[in-house]
Amino acid sequence: MKSEITNNLEHVLIKCVTACETCATMCLQEDNVKMMVRCIMLDRDCADICALTARFVARNSAHAKHVMKECIEICRLCEEECRKHEAEHCQKCAEACRECAEACENWMQQK
């Protein structure tokens, strides 16, 4: 049976995937898309690594910690970039990324 920490982590990872995908889509609709390129790229990278991490955690992979370290790094970069933009979708994404990085760090401390 999965621990509460693992269940929470899986939920937060998927929440971050959704926030990053939404942010990237909304950034593509901004008037100055060129200004949003780094944000969009990080959103996509973050969504992908969070989805991969969720799968590794769900299957209790021996490699989950390795993937999770990269997930934390990319979540922090995405959070930092999104915080630079005033758009509501960027701020929501930044918060989801922060929460995700913290949940990953908490999970790793428990393992």
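Colleague: Let us start with Val17: is Val17 buried or exposed?
Modeller: Val17 is buried, with a relative accessible area of 16%. Buried means under 20% relative accessible area, exposed over 50% and partly exposed in between, using a 1.4 Å probe and protein chains only. This is a predicted model, in which local features need pLDDT of at least 70 and side-chain atom pairs count only at pLDDT 80 or more, while totals for chains, interfaces and linings use all residues. Residues are numbered from 1 along each chain as its sequence is written, and side-chain values use heavy atoms, with hydrogens and water left out.

Colleague: Where is Val17, and what does Val17 touch?
Modeller: Val17 belongs to helix H1; helices are DSSP runs of H or I with at least four residues, numbered from the N terminus. Not counting residues up to four places away in sequence, Val17 touches Ala47, Cys50 and Ala51, where contact means heavy atoms within 4.5 Å.

Colleague: What does Cys46 touch, then?
Modeller: Leaving out residues up to four places away in sequence, Cys46 touches Cys16, Cys20, Ile74, Cys75, Cys78 and Cys97. Cys46 is also among the residues with the most contacts inside the largest nonpolar core, together with Cys50 and Cys75.

Colleague: How many residues does that core have, and which elements give two or more?
Modeller: The core has 39 residues. A nonpolar core is a set of buried Ala, Val, Leu, Ile, Met, Phe, Trp, Tyr and Cys residues joined through side-chain atoms within 4.5 Å. Two or more residues come from each of helix H1 (4-27), helix H2 (37-58), helix H3 (64-83) and helix H4 (88-110).

Colleague: On to packing: at what angle do H2 and H3 pack?
Modeller: The angle is about 150 degrees, and the axes are 9 Å apart. Axes are lines fitted to C-alpha atoms, for helices over the stretch in contact, and angles run from 0 to 180 degrees between N-to-C directions. H2 and H3 are therefore roughly antiparallel to each other; angles under 35 degrees count as roughly parallel, over 145 as roughly antiparallel, 65 to 115 as roughly perpendicular and the rest as oblique.

Colleague: How do the residues of that contact divide by class?
Modeller: The contact of H2 with H3 has 17 nonpolar, one polar and five charged residues. Ala, Val, Leu, Ile, Met, Phe, Trp, Tyr, Cys and Pro count as nonpolar, Asp, Glu, Lys and Arg as charged, and the others, Gly among them, as polar.

Colleague: What about Thr53, buried or exposed?
Modeller: Thr53, in helix H2, counts as buried at 0% relative accessibility. Apart from neighbours within four places in sequence, Thr53 is in contact with Leu13, Val67, Met68 and Cys71.

Colleague: And Asp45?
Modeller: Asp45 is also found in helix H2, and at 43% relative accessibility Asp45 counts as partly exposed. The C-alpha atoms of Asp45 and Cys78 are separated by 8.6 Å.

Colleague: How do H1 and H4 pack?
Modeller: H1 and H4 pack at about 155 degrees, with axes 8 Å apart, so H1 is roughly antiparallel to H4. Their contact has 18 nonpolar, five polar and two charged residues.

Colleague: Lastly, what is the phi of Asn60?
Modeller: Asn60 has a positive phi of about 55 degrees although it is not a glycine. Most residues other than glycine have a negative phi. Asn60 sits in the loop between H2 and H3 and counts as exposed at 60% relative accessibility.
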